[in-house]
Amino acid sequence: MGSSGINAEYMGSSGINAEYMGSSGINAEYMGSSGINAEYMGACNYVSWFKGVVGLMPKVRSDRYMTVHANFFLRELRFTAYNQFLRSYRTVTLVSMAKAFGVTPAFLDAELSDFISAGRLSAKIDAVNGVIETSRPDRKNADYQQILRRGDNLLNRLQKLSKVITL
């Protein structure tokens with residue numbers, strides 16, 4: 001069994017580059033037998049990457065330990081590909097990105113909207129023009145935004161506490 005707790009029966013011989021999968025704690029060799037190959041991500045062949053991910057999912061869902069995490073696992077694999085793709089562009093159209101991934105623009109719009117609203121992708125979707133605009137916030141700005149959020153949370157807690165005390 002690998003460090004991620006995945007059954008040995010899934011271990012393939014080809015493996016995948018740790019750069020793509022190692023950061024999320026997924027045993028890289030688990031991917032080898034599914035048709036997912038590191039060269040797909042390295043060569044930006046996202047259609048083949050997605051097909052390999054779809055081929056992997058029955059194995060993940062049949063594993064008694066991984067089945068409860070299958071949707072999260074699939075989502076993280078897709079996020080990895082989206083993130084890699086968007087790092088290369090300042091702006092990209094939804095249609096061209098959807099074509100690169102072999103999905104519909106509506107699916108991609110919904111998927112990216114979830115990641116953007118969760119704060120995982122630094123981008124904006126211009127639905128009128130069908131364009132995704134990426135932004136690369138610097139560390140100082142991110143720290144400033146985090147301090148503002150914490151300050152807002154503290155003020156909200158103080159207001160709630162003052163309401164409780166006055167009752």
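Contact here means heavy atoms within 4.5 Å. The model is predicted.

1. **Burial on helix 5.** Helix 5 spans residues 94-101. Its buried residues are Leu94, Met97, Ala98 and Phe101. They cover an arc of only 100° around the axis, which puts them on the same side of helix 5. An α-helix has 3.6 residues a turn, so residues three or four places apart point the same way.

2. **The opposite side.** Val95 and Lys99 lie on the other side of helix 5, and they are exposed.

3. **What covers the buried side.** Several elements cover the buried residues of helix 5. Among them are the helices 3 (46-62), 4 (70-87) and 6 (105-117). Strand 1 (91-93), strand 2 (123-126) and strand 3 (131-134) are also included.

4. **The end of helix 5.** Gly102 follows helix 5. The phi of Gly102 is positive, near 75°.

5. **Helix 3 against helix 4.** Two of the covering helices also pair with each other. The axes of helix 3 and helix 4 come within 10 Å and cross at roughly 165°. That angle is over 145 degrees, so helix 3 counts as roughly antiparallel to helix 4. The crossing is right-handed.

6. **Who makes that contact.** Helix 3 contributes Tyr46, Trp49, Phe50, Val53, Leu56, Met57, Val60 and Arg61. From helix 4 come Ala70, Asn71, Phe73, Leu74, Leu77, Arg78, Ala81, Tyr82, Gln84 and Phe85. By class, the residues of this contact between helix 3 and helix 4 divide into 14 nonpolar, 2 polar and 2 charged.

Key. Residues are numbered from 1 along each chain as its sequence is written. This is a predicted model: local features need pLDDT of at least 70, side-chain atom pairs count only at pLDDT 80 or more; totals for chains, interfaces and linings use all residues. Side-chain values use heavy atoms; hydrogens and water are left out. Buried means under 20% relative accessible area, exposed over 50%, partly exposed in between (1.4 Å probe, protein chains only). Helices (H or I, at least four residues) and strands (E, at least two) are DSSP runs, numbered from the N terminus. The arc is that of the directions from the helix axis to the C-beta atoms. Axes are lines fitted to C-alpha atoms, for helices over the stretch in contact, and angles run from 0 to 180 degrees between N-to-C directions. Angles under 35 degrees count as roughly parallel, over 145 as roughly antiparallel, 65 to 115 as roughly perpendicular and the rest as oblique. A crossing is left-handed if the near helix is turned anticlockwise from the far one by less than a right angle, and right-handed if clockwise. Ala, Val, Leu, Ile, Met, Phe, Trp, Tyr, Cys and Pro count as nonpolar, Asp, Glu, Lys and Arg as charged, and the others, Gly among them, as polar.
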